[in-house]
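Biologist: I'm new to this one. Please pick a single part and take me through it slowly, with the cut-offs spelled out as you go.

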Amino acid sequence: MAQQTPVGRVEPVWREWMERWPTPAALAAATPGDVVRAWGRLGYPRRALRLREAAVVVVERHGGELPPDEEALRALPGVGTYTAAAVAAFAFGRRSVVVDTNVRRVLARAVEGRALASPSLTAAETRLAASLVPDDPATSAVWNVAVMELGALVCRARTPECGACPLADVCAWVAAGSPPDDGPPRRGQAWHGTDRQVRGALVQVLREGEHPVPRPLLEDEVLTRLGLDARQHAAQVERCLASLVEDGLVEPVPGPVGPDGPDGPDGPGGEAFRLPA
DNA sequence: GAGACGTGGCA
DNA sequence: TTGCCAAGTCT
């Protein structure tokens, strides 16, 4: 849940989630629609599907208990290098190299003297992080969480609190006078009218209602909510809806066949959509 | 390896 | 207000 999402926003959803599905077996028994709905507005709802899929794999291949080694964790849907390392360290006390956005920023500043880490994780950063993690497993886990928390709470991206930082005395960035980022300007993600926005709105509409929504209603609702011109964006909404079905986030159901038959007012293609059962 | 993939809060 | 950014992963 916390992947690319501030922990403070995750916490309430996480609490409800864990109460409803306390074990992998419980989560594995949920439907995709259940988890997408419970995911709420955390964003990237495919993470909800993957989390459920991971629970299924845990039940089928690991006896219902999370495996402790990084390789097995990494094999679970939605679990990448960072998450596998974090779980191995924080849940199982294993020695691992946890490199998240916070760790990357702390090392970029303290060691390399730069204001921000590069846009994407490099092999050199991973090597640097690995070289700093203590050998002893228990100590390494403390190191990993400490560097992460330092980045999250003190060595923040936009408002670092160097006056409260335990590394200030040895920080290369502070020593250099805290120079601004020298990299190329970061590309802000366009949003209005993007597929991302349209997909989000489609899922949002379906999450709000309990019943399948006929295609025309669904598409009109999304266009209206986003303030998009139907003539310009109708095809886009169609395409996004298809992509959501492809992703397993949305399920088509046959529309009611009226007195005019399947090719009546709602047809052809007069089906409805819902979150997957 | 670049690009896709949501959402909301804060400066 | 606009833009940045958040415990990344997958293709």
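Modeller: Helix H4 (46-62) and helix H11 (195-208) each put at least two residues into the surface near DNA strand B. Helices here are DSSP runs of H or I with at least four residues, strands are runs of E with at least two, and both are numbered from the N terminus. H11 gives that surface its largest share, five residues. Bear in mind that this is a predicted model, in which local features need pLDDT of at least 70 and side-chain atom pairs count only at pLDDT 80 or more, while totals for chains, interfaces and linings use all residues. As for bookkeeping, residues are numbered from 1 along each chain as its sequence is written, chains are lettered from A and ligands numbered from 1 in the order in which they are written, and side-chain values use heavy atoms, with hydrogens and water left out.

Now the surface itself. Around DNA strand B there are 19 residues, and the closest are Arg-9, Arg-41, Pro-45, Arg-46 and Arg-196. Of the atoms of DNA strand B that come within 4 Å of the protein, 59% belong to sugar and phosphate. "Near" just says that a heavy atom of the residue lies within 4 Å of the strand. Sorted by class, the surface holds nine charged, six polar and four nonpolar residues. Charged covers Asp, Glu, Lys and Arg; nonpolar covers Ala, Val, Leu, Ile, Met, Phe, Trp, Tyr, Cys and Pro; the others, Gly among them, are polar.

Next, some polar contacts, meaning pairs of N or O atoms within 3.5 Å (within protein, one must be able to donate a hydrogen and the other to accept it, and residues adjacent in sequence count only if both atoms are side-chain atoms). Leu-42 has a polar backbone atom 2.8 Å from a base nitrogen of DNA strand B. Arg-196 also faces a base nitrogen, with a polar side-chain atom 3.4 Å away.
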